[in-house]
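Here is a short tour for a first look. Keep the sequence and the model in view as you read.

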Amino acid sequence: MQSLETLAKSQKEFIMNPKPMNKELIIIDDDDILLVILEKMFGKINPNLKISTFIKGSDALTFLKNSEFNQPPSLLVDLHLKDLKDWDFLDKLETDDRFRSKVFIITSSVNSENPSKSKRYKNVAGFFEKPLTFDIIQRINQLIVESNPN
């Protein structure tokens, strides 16, 4: 049994140096090489970030529907997936109230309407064009870390 002095000291240490809250990131892109690169880069920047990857948007949606999270995970989603075209993934996400995740869209498309169209979706927290630089990945990580659980 801990003494009151030891307990008070550990409480003070916790308040002064809280453990980082574990966040979760789900990366969805049909480029399996990019998935590995992004997983490694995010893991290097933020070792406390739990990362899951999916090549198919439909698999990611099934995972989200069948999983329980302490807080909604952040999603990094390629806009143009092979199994769900263009905005289909976001449309499906938007119609289900269980999904309160912050979504970061990535795309190699040069369609100038995409950034403004992304603002129509309440969960979209950012729109980024490929190739993703280290600075962009750091920015996305910062947005994930700063996001409050809903």
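Which residues have the most contacts inside the largest nonpolar core?

## The cores

This is a predicted model. Its largest nonpolar core has 21 residues. Ile28, Leu75, Phe89, Leu90, Leu93, Val103 and Ile105 have the most contacts inside it. Two or more residues come from each of β1 (24–28), α3 (57–66), β3 (74–78), α4 (88–94), β4 (103–107) and β5 (124–129). There is also a second, separate core of 17 residues. Among its members are Phe128, Ile137, Ile140 and Ile144.

## The sheet

Five strands make an open sheet, in the order β2-β1-β3-β4-β5. Their pairing is parallel. β2 and β5 stand at the edges with a single partner strand each, so one side of each has no neighbour in the sheet. From one strand to the next, the twist averages 15°.

Look at β3 and β4, which are joined by four bridges. Leucine 75 has valine 103, in β4, as its bridge partner. Leaving aside neighbours within four places in sequence, leucine 75 also touches other residues, including Leu25, Ile26, Leu64, Phe89 and Leu93.

## The helices on the sheet

Helix α2 (residues 32–45) lies across β1, β2, β3 and β4. It runs at about 170° to β2. Helix α3 packs on the sheet too, touching β1, β2 and β3. The direction of α3 makes about 155° with that of β1.

Which residues of α3 are buried? They are Gly57, Ala60, Leu61 and Leu64. Seen down the axis of α3, they fall within an arc of 100°, so they line one face of the helix. Their cover includes β1, β2 (50–54), β3 and α4.

Technical notes
Residues numbered from 1 in each chain as written. Predicted model: local features only at pLDDT ≥ 70, side-chain atom pairs only at ≥ 80, totals over all residues. Heavy atoms only, no water. Core = buried A, V, L, I, M, F, W, Y, C linked by side-chain atoms within 4.5 Å. Buried < 20%, exposed > 50% of the residue type's maximum accessible area, 1.4 Å probe, protein only. Contact = heavy atoms within 4.5 Å. Arc of directions from axis to C-beta. Pairing = 2+ DSSP bridges. Axes fitted to C-alpha atoms, helices over the stretch in contact; angles between N-to-C directions.
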